[in-house]
Amino acid sequence: MGESSRPCTVWLGSETGILKGVSVSRKQAFNFCNSLQLSRQHEVRTLCWADAAESELLVAAVDGTVKTFSVEKGAFTDTRSCGDPAEGCFVGMAVLDNGASLVTCAESGLLRVWRDESREPATEIRVGSDIARMRQNPERRHNVATGGKENCLKVWDLEKPDKPVFTAKNLRSDWLDLRRPHWVKDMAFIPGSDKVVTCTGHHQVHVYDPSTPQRRPVLEATYGEYPLTTLSLPAAGDSVVVGNTHGQIAVLDLRKGLVRGCFKGLAGGVRGLQCHASQPLVASCGLDRFLRIHSLENRRVQHKVYLKSRLNCLLLASRPLEEAECAVGEDGQEVKEEDDDEDEVWDAMEQVDEQEQNLKRKTPEEEADNSNRNAQENFQSKTSEEGENLEKKTPEEAPPKNKTKKRKKAQA
Amino acid sequence: MDIAEVPVTQKGKGKKKKNKSDKTKTTEQSAKMETDVEVKEEKTEEPVSFPPAFSLSDIKNKQRRHLMFLKLKQDKRKQKMELKKKRKRQEKILGSKAPPKQVPKTIENQRVHDETTVDPEDEEVAFDEATDEFSAYFNGLTNPKVLITTSDRPRGRTVKFCRQLATVIPNAHVYYRRGLALKRIIPQCVARDFTYLIVINEDRKVPNGLVLCHLPEGPTAHFKVSSVRLRKEMKRRGKEPTEHTPEVILNNFTTRLGHSIGRMFAALFPQNPQFVGRQVATFHNQRDFIFFRFHRYIFKNEKKAGIQELGPRFTLKLRSLQKGTFDSKFGEYEWVLKRHEMDACRRKFQL
């Protein structure tokens, strides 16, 4: 139970409602699911750590529930309902007071602070409409930033919920005096200062400085031609990693606004991007159902994991991704990984490690349930009734054993 | 120049030598060489000395060179036939104990194993597919209704292609695109219960692109179209296709992306084919190219069937798959063809 979740250093939420934990050192991916039936209603929208010790995860789903997942136990321990699905899905979640209260923000602009299992939110702020993201300042936990489509960046202090601490202004009209559309998609607080960096749907990256009287962006940089969906700040500072809907991820320098380099390999839109807190690594996930970990120094793919559903969000543990837990086995694997790092001259992007997805086997009665469900949901890629018209070409080499079974937890 | 050539031309080793021309060649060479002696000394010093190697490309006369080359090819073919005969004789003698037949390497054989290949027993993928945008069609809740249109101001071939496509796909309607924006057409189509929008893009009077948009909120696939053959260009074709709904064959869509595209194609046609019509539409995927053919078949006896090709034929190559209806600027892409990254390996395919 807990053995499968404890070594996982990367957590991802998928559109099918499954929480996936990936252990990079062991090269395994595990599925954790709350209910017997998978459902699109449980599509995971955001993930966040419930406490600083990172022993519990909060998983926010489309139907308005927030579930607590314990990493130690490897199971979902708690569920609470935090809003209607009619208000829009969650765009951000944060934790205050070391787990005592929970801040959630919905797409319709309802920012709520929930305390201690109560049904009603303790504080509710209307942030606007069409919010795309809400993020918390990791240094000053009471500050949160929100932004969305035609909804400029606003920084709120949760102790003074009436007015935002900082409201950004739209850019100046362009040379034809037309109003510039703006669409904030993601933001991050730059550590060590007041500044906020945002990425927009019009492929711009803006840096705002609330300490100056200027409400317009202090720095503007552009990348690509497609909406930028996520961004993340590496630990080293001075740069920002952005991803767009075309699967292009780039590192931009925040001093001048120039592109430092691109990370190749993604084929689909980037939905989740996070830089590791201490190691120079970037993890990215997206609609192409892969988790990729790139190294920030040489911008090459270190790990690539196929996770069968479209991935919505990503969370990295603070501890080193490839830590050795048990002495004997891991050392061998770590050595193997270093070798892989060295000889990837000829195959920079498609470096596929020998990743196996070993999921836990289910108990016999759950297997019986499954076989019933399988009979109904038997995949047919052909419309006509006879199955013999379908020819499937199987690859010559035998594929590695990928018995992907969902790990289920009976309702407590 | 000539002196340097002689020790280096070892490449003539494998080639055939015809005695007469060999002698003429060596005499020519020796006549040209200025320091014979040096070369001979070099050769005697080496422990293994090769005779002056002869290569076909050293013959300056084109006709003679061509004749020599033909002889070379004939010889090679003879050797190959002998080897084959030998192997056949061996097989006959040994019978079942003969060594197994050698399978030639093809690019499909050598395909790099794709980790996204769908395992039929995989539940997560099965659930993902069961609840994706096509689930309404596969559960029998909607019937396909297709709107075919083109880019603005289409010309001859494209118009004919559209009309022929409309006969192949049941319940399809062709509309003239009067410069209307697709983003405005889509809500109107949804209101009128269309399930698919096909836009055929034209370049210089020839169709070259296809945008296939599943309507309520479904994915949009953009294909490159090539090798379009209209009905009158088909050899030995049959009569016009009838109104019966055809069967659909989807070949070789193995990866997860292939499955999505395969389902997209399957959802174009109604769920229950009319076998009376004996018509079949095939989407065959090979090396990431999708070949569309439309045939009529007839069973001559239990084992043999005859087919007649009707209908247009074309080849598609997927360029991008976008989540949501057509929105190329702001839509999120599920898969984009990035040629320099993905086409770098000849044995790796995405579909």
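These legends describe close-up views of a predicted model.

The model is predicted, so local features are given only at pLDDT of at least 70 and side-chain atom pairs only at pLDDT 80 or more, while totals for chains, interfaces and linings use all residues. Residues are numbered from 1 along each chain as its sequence is written, chains are lettered from A and ligands numbered from 1 in the order in which they are written, and side-chain values use heavy atoms, with hydrogens and water left out.

**View 1. Overview of chain A.** Chain A contains 3 helices and 28 strands; helices (H or I, at least four residues) and strands (E, at least two) are DSSP runs, numbered from the N terminus. Of the 412 residues in chain A, 57% are buried. Buried means under 20% relative accessible area, exposed means over 50%, and partly exposed lies in between (1.4 Å probe, protein chains only). The accessible surface of chain A is about 18,000 Å², and carbon and sulfur atoms account for 48% of that surface. Accessible areas come from the Shrake-Rupley method with a 1.4 Å probe; for residues, only the protein chains shown count as cover. Counting contacts in chain A between residues at least 6 apart in sequence, 48% join residues at least 24 apart. Contact means heavy atoms within 4.5 Å.

View 2. The largest nonpolar core has 47 residues, and F223(B) and F265(B) have the most contacts inside it. Such a core is a set of buried Ala, Val, Leu, Ile, Met, Phe, Trp, Tyr and Cys residues joined through side-chain atoms within 4.5 Å. Leaving out residues up to four places away in sequence, F223(B) touches N208(B), G209(B), L210(B), L212(B), I261(B), F265(B), I290(B), L316(B), K317(B), L318(B) and R319(B). A second, separate core of 17 residues includes A221(A), Y223(A), V240(A) and L252(A).

**View 3. L321(B) in strand β9 of chain B.** L321(B) belongs to strand β9 (residues 305–323) of chain B. With a relative accessibility of 2%, L321(B) counts as buried. Beyond its neighbours within four places in sequence, L321(B) is in contact with P219(B), T220(B), A221(B), L257(B), S260(B), I261(B), M264(B), Y333(B), E334(B) and W335(B). The C-alpha atoms of L321(B) and V48(B) are 63 Å apart, and the two residues are separated by 273 residues along the chain.

**View 4. Helix α7 of chain B and Q164(B).** Helix α7 of chain B has 13 residues (156–168), which at 1.5 Å a residue should span 18 Å; the end C-alpha atoms are 19 Å apart, in agreement. The expected span is 1.5 Å times one less than the number of residues in the helix. The buried residues of α7(B) are T158(B), F161(B), C162(B), Q164(B), L165(B), A166(B) and V168(B). An α-helix has 3.6 residues a turn, so residues three or four places apart point the same way. Q164(B) has a relative accessibility of 12% and counts as buried. Not counting residues up to four places away in sequence, Q164(B) touches L230(B), R231(B) and P312(B).

**View 5. Nonpolar surface patch at W175(A), L176(A) and L178(A).** These three residues, W175(A), L176(A) and L178(A), form a nonpolar patch on the surface with about 420 Å² of accessible area together. Patches are made of residues with over 30% relative accessible area and no salt bridge; like charges are joined within 9 Å, and nonpolar side chains (Val, Leu, Ile, Met, Phe, Trp, Tyr) within 5 Å. L178(A) is in the loop between β15 (166–167) and β16 (184–189) of chain A. Its relative accessible area is 49%, so L178(A) is partly exposed.

**View 6. Salt bridges.** The whole structure has 34 salt bridges over all chains. A salt bridge is a side-chain nitrogen of Lys or Arg within 4 Å of a carboxyl oxygen of Asp or Glu. E43(A) pairs with R45(A), with the closest N and O atoms 3.7 Å apart; E43(A) is buried at 14% relative accessible area, whereas R45(A) is partly exposed at 26%. D238(A) and R255(A) form a salt bridge with an N to O distance of 3.2 Å. D238(A) lies in the loop between β20 (228–232) and β21 (239–244) of chain A and R255(A) in the loop between β22 (249–253) and β23 (259–263), so the pair ties together parts 17 residues apart in sequence. D238(A) is partly exposed at 38% relative accessibility, and R255(A) is exposed at 56%.
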